[in-house]
Amino acid sequence: VLSFVFALPAFAEKKKAEAKPAPTIDQLMANGEYQKVIETGLKFIEKQQDTAPILYLMGLAYQQLKDNPNALSYYEKALAKAASDPLTPNTEIQLSSLINEANIYAEIKDDAKVSEIYEKALVISPENKDILLNYAICLEKRDKVKTYATYDKLVGIDPSFKNVAHEAGVFAIENKDYDKAESYLKTALQSLPSSEDNKMALAKLYLKKQNYEAAIPLLKDLSETTTRDILKPSFMTLLADSYYQTNKPMDAISTCDKILALRPNDDRALIIKTRAYRDMKDPKNAAAIAELVLAANPSHEEANYLRGKIAVEQQDFKKARLHFEKVLSITSDPERKTEVQGYLKQIKGGK
């Protein structure tokens, strides 16, 4: 027993002497030991045993340490090494190196360099969806023609990829290319028919184009199915106005009533309802609803304007003058100012 006990320290020393294998460069990277990754990589380079993955990891380590010049240098070395075998180039390392280079240049706001790098990446992988999308986004402020060409290619490959057809449609709207935007957004809706964002973008585009008939079914759908309750009244207001614009006053009124059940003092719904009753030659109801708006806000321009016009139709010129004078004191719209001044001249005692 004593022999065994005395032998234990020697056994422990022997175990200590059996050194654990050194961690690999991959393990060092995974552990966040970036300086050790670099030191290990340099040893491989000294022995001329460097490979594309080792050079890439060194670039990544430098990038993590915010040493961008060295990071870019090693990504370029990794790229060259990965492409050096013409029969079996390491395309994964090439693309990863280029993408990381692009990220560095994006951080320092060098968009021209980012575009250049994505173009190199697309030579290696022409249909890489992530690269195509990033390239298109990078081009948006610099080259509209190339942006459309890139979006067209990606939408043709996979319109549902990160809802790219929607992104392309939004870009076209921002550039006032409404027909092109409509094409993109229709494709987006076909590829992701349940997307609320796609329905909303297409509906808003139709409203911009004053194509209210096309907007109505989308707005009706959104009003009934939206999961974002905060947006429901807005969708319903746009729907009510679209009904009004397409000469469907009763549909406009019934939609406004649904809004008012949720928001009893919603002035937009009350204004649309006022217009609808006035168009239906019902000045009594139109006046009563306009008065509801004015009771809450006596300086509401649109309510005063409509109430003045209704008063003229009712031949209540004193009331009409009161409201038109209020409009003149509020409005910044020159056309409305001219119109209201014309009304006042026709009213007995007007200026």
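Contact here means heavy atoms within 4.5 Å, and helices (H or I, at least four residues) are DSSP runs, numbered from the N terminus. The model is a predicted one, in which local features need pLDDT of at least 70 and side-chain atom pairs count only at pLDDT 80 or more, while totals for chains, interfaces and linings use all residues. Residues are numbered from 1 along each chain as its sequence is written, and side-chain values use heavy atoms, with hydrogens and water left out.

**View 1. Contact between helices H4 and H6.** Ala 52, Pro 53, Tyr 56, Leu 60 and Gln 63 of H4 meet Ile 93, Ser 96, Ser 97, Asn 100 and Ile 104 of H6. By class, this contact of H4 with H6 comprises 6 nonpolar, 4 polar and no charged residues, where Ala, Val, Leu, Ile, Met, Phe, Trp, Tyr, Cys and Pro count as nonpolar, Asp, Glu, Lys and Arg as charged, and the others, Gly among them, as polar. H4 and helix H6 (residues 91-107) pack at an angle of about 15 degrees with their axes 10 Å apart, the axes being lines fitted to C-alpha atoms, for helices over the stretch in contact, and the angles running from 0 to 180 degrees between N-to-C directions. H4 and H6 are therefore roughly parallel to each other; angles under 35 degrees count as roughly parallel, over 145 as roughly antiparallel, 65 to 115 as roughly perpendicular and the rest as oblique. The crossing of H4 and H6 is left-handed, a term used if the near helix is turned anticlockwise from the far one by less than a right angle, with right-handed used if clockwise.

**View 2. Contact between helices H4 and H5.** With helix H5 (residues 68-82), H4 packs at an angle of about 165 degrees, and the two axes are 8 Å apart. H4 and H5 are therefore roughly antiparallel to each other, and their crossing is left-handed. On the H4 side the contact is made by Ala 52, Leu 55, Tyr 56, Met 58, Gly 59, Leu 60, Tyr 62 and Gln 63, and on the H5 side by Asn 70, Ala 71, Tyr 74, Tyr 75, Lys 77, Ala 78, Lys 81 and Ala 82. The residues of this contact of H4 with H5 divide into 11 nonpolar, 3 polar and 2 charged.

**View 3. The largest nonpolar core and Leu 57.** A nonpolar core is a set of buried Ala, Val, Leu, Ile, Met, Phe, Trp, Tyr and Cys residues joined through side-chain atoms within 4.5 Å, and the largest one has 98 residues, those with the most contacts inside it being Val 37, Tyr 56, Leu 57, Tyr 151, Tyr 184 and Leu 202. Helix H4 (residues 52-64) gives the most to this core, with 9 residues. Leu 57, found in helix H4, counts as buried at 11% relative accessibility, where buried means under 20% relative accessible area, exposed over 50% and partly exposed in between (1.4 Å probe, protein chains only). Not counting residues up to four places away in sequence, Leu 57 touches Ile 25, Asp 26, Met 29 and Val 37.

View 4. Ile 45 is found in helix H3 (residues 34-46) and is partly exposed, with a relative accessible area of 28%. Leaving aside neighbours within four places in sequence, Ile 45 is in contact with Asp 50, Leu 55, Met 58 and Tyr 74. The C-alpha atoms of Ile 45 and Ser 73, which are 28 residues apart along the chain, are separated by 14 Å.

View 5. Most residues other than glycine have a negative phi. Lys 109, in the loop between H6 and helix H7 (111-124), has a positive phi near 65 degrees and is exposed, with a relative accessible area of 69%. Gln 210, in the loop between helix H12 (196-208) and helix H13 (212-225), has a positive phi near 60 degrees and counts as exposed at 57% relative accessibility.

View 6. Thr 255 lies in helix H15 (residues 249-262) and counts as buried at 6% relative accessibility. Apart from neighbours within four places in sequence, Thr 255 is in contact with Met 236, Leu 239, Ala 240 and Tyr 243.

Methods. Helix = DSSP H or I, 4+ residues; strand = E, 2+ residues; numbered from the N terminus.
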